[in-house]
Each structure stands twice: as C-alpha cells, then as structure tokens.
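Student: Please give me a close look at a single part of this model, the surroundings of the ligand, and then connect that part to the rest of the fold. I would like each cut-off to be stated as it comes up.

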Amino acid sequence: MQNGKTITLNGNNHRPLLIDELISPATQALNGEEKIKLIENHFRQIMLLLGLDLNDDSLKGTPSRVAKMYVNEMFSGLNPATKPEATLFENNYGYNEMLVEKNITVYSCCEHHFVPIIGKAHVAYYPNGKVIGQSKINRLVHYYCKRPQVQERLTVQIAGALKEALHTEDVAVVVDAAHLCVASRGVGDVGSTTLTSHYSGRFKREEVKKEFLSFLK
Ligand SMILES: Nc1nc2c(ncn2[C@@H]2O[C@H](COP(=O)(O)OP(=O)(O)OP(=O)(O)O)[C@@H](O)[C@H]2O)c(=O)[nH]1
Ligand SMILES: [Zn+2]
C-alpha cells in the first residue's frame, strides 16, 4: 500500500507492442507524482544496500532526483501522453523527392544495463500528399529514445511512427550509436558503435537506398 493505493507490479503481465505500446494496468493507475514517490523509496533502498550514507548532505536528495529524472526525463517516452503530434502540411510545392533529416541526436538508455546509448539517427521519406514539420521527425525520435531500449526496437519504432504519421511506406531509418554498456563496463570497447537500419517501400530499391546512404556520407 502506498499513498492510499495498492499496486501489484507484475513484470510478466504485459508485452509492449512495437508502435502503440501498452502500459501495464497497475502502472496506468498511478499518476506521475505517485510513480516518483514509489521509485524514490525503492532507489533509497538500493543506495542503502550499497552502503551509502543517506544522511550525507550530497546524497540525501539523490533518491528523489533519480526518481524525477526517470519519470519526467529519461523514461518520459513510456507515457503515451508525451507522444508528439505530427504537424502535417499540404505538399503545395509538389516536392516529390527524398527528404532526409540526418544527425538527429539519440540519447537513450540500454534496457539491459540502464546505462546510456548515445548516437545519431538518420531518417528519410518520400512525401505522399503531405509533408511533416521537420522538427516533428526529431521529436518522434526523441520520444522513442526516452525509454529503456534496445537499438533494434528503437529503429523499428521510429520507422513505424513515421509511416503512421506520413501515410506512406516510403521510409528509411538508420541509427548509429555507442552503447555505454559496451564502452564503460563489460567488454570495455570504447571504439565500437552499433548500426541498425530499416528500409521499406521505395527504399528497398538498391538505387534509392544508395542515394539515401550517399546523403549520410
Ligand atoms: N541486440 C542488442 N543487444 C544489446 C543492446 N544493448 C545492449 N545489448 C547487449 O545485451 C547483452 C546482455 O548480455 P548478458 O550476458 O545478459 O549481460 P552481461 O553479462 O552484462 O554481458 P556483457 O555486456 O557481455 O558483460 C550484452 O551482450 C549487451 O551488449 C541492444 O541495443 N541490442
Ligand atoms: Zn547494455
């Protein structure tokens, strides 16, 4: 029982979908403040188990800081209410070529170790009647980054959201990112990055894919 609510969090009772994710009913029942309070308490326990002094001036606010950072910043993309609206405009000027938005910042979090994934996403599409406000592409990428992720899922989710917003299959996504779980611990390889891609519609054609990749050089 916490804040007058009984919650049962069962990790197995929900399987997130690729695009319109399901949040478990127990979590849905909590508002942001309630989640922050619960996470704060659990994080305090983790710190105590690590032997840290929670009376220390510098450490005593950490459980609350971490909880707020998780809910409002790092994992805000788990809340569907934060999904950006894709503003569309008529393609009045008849632009029918490929549009590429490259070097979109990727700051995500590895779901296996909860450490950062840092890199870039490159996205392209062909307009199908409408064009999207450019910044909305960046916003959609950031939305899916703000979850515990694996890079493969992140790539597919970005592609799926763009197809849905733009009513077209003609979408390409490349993500190039460094995983701090690989760089800062474990194998300790600071030089490697991971590349993932998704091509659909016209981008499956070799010459189209080649044109897109030439823009990324
Ligand atoms: N496919 C995929 N794997 C990832 C991603 N992020 C991290 N991983 C990998 O997830 C794996 C988890 O492996 P485990 O053996 O369970 O964990 P571990 O003992 O900490 O493994 P090491 O990192 O090798 O020390 C590691 O190989 C990570 O490199 C990702 O985005 N995609
Ligand atoms: Zn990891």
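Tutor: Helices here are DSSP runs of H or I with at least four residues, strands are DSSP runs of E with at least two, and both are numbered from the N terminus. A residue counts as near a molecule or strand if its C-beta atom, placed from the backbone, lies within 6 Å of it. This is a predicted model, in which local features need a pLDDT of at least 70 and side-chain atom pairs count only at pLDDT 80 or more, while totals for chains, interfaces and linings use all residues. Residues are numbered from 1 along each chain as its sequence is written, while chains are lettered from A and ligands numbered from 1 in the order in which they are written.

With those conventions, the shell around ligand 1 consists of C110, H112, V150, Q151, E152, H179, C181, V182, G186 and V187. Two helices, α5 (151-166) and α6 (180-183), each supply at least two residues of this shell. By class, the shell around ligand 1 has five nonpolar residues, four polar and one charged, where Ala, Val, Leu, Ile, Met, Phe, Trp, Tyr, Cys and Pro count as nonpolar, Asp, Glu, Lys and Arg as charged, and the others, Gly among them, as polar.

Helix α5 deserves a check of its geometry. The expected span of a helix is 1.5 Å times one less than its number of residues, so the 16 residues of α5 should span 22 Å, and this agrees with the 23 Å between its end C-alpha atoms. As for burial, a residue is buried if 20 or more other C-beta atoms lie within 10 Å of its own, exposed if 12 or fewer, and partly exposed in between, with C-beta atoms placed from the backbone. Among the buried residues of α5 are Q151, L154, T155, I158, L162 and A165. In general, an α-helix has 3.6 residues a turn, so residues three or four places apart point the same way. Just after α5, H167 takes a positive phi of about 50°.

Now to the sheet. Two strands pair if DSSP finds at least two bridges between them, and by that rule five strands form an open sheet in the order β5-β2-β3-β6-β7, with mixed pairing. Its edge strands are β5 (148-149) and β7, each pairing on one side only. Strands β2 and β3 run antiparallel and are joined by nine bridges, with K120 in β3 as the bridge partner of T105. Strand β3 is also joined to β6 by nine bridges, again antiparallel, and I118 stands opposite A178 in β6. Strand β6 (residues 171-179) is mostly covered, since seven of its nine residues are buried. On to β7 (residues 194-199), β6 makes six bridges in an antiparallel arrangement, where D176 stands opposite L195.

Two residues in this region call for care with their backbone angles. Most residues other than glycine have a negative phi, and most peptide bonds are trans.

Finally, the wider setting. The domain assignment, whose bounds come from an automatic or database source, gives domain 1 (25-82) and domain 2 (88-215). Their C-alpha centres lie 29 Å apart. The contact between them takes six residues from domain 1 and seven residues from domain 2, two residues being in contact if their C-beta atoms, placed from the backbone, lie within 7 Å. Over the whole protein chain there are seven helices and seven strands, and 23% of the 217 residues count as buried. Among contacts between residues at least 6 apart in sequence, 67% join residues at least 24 apart.
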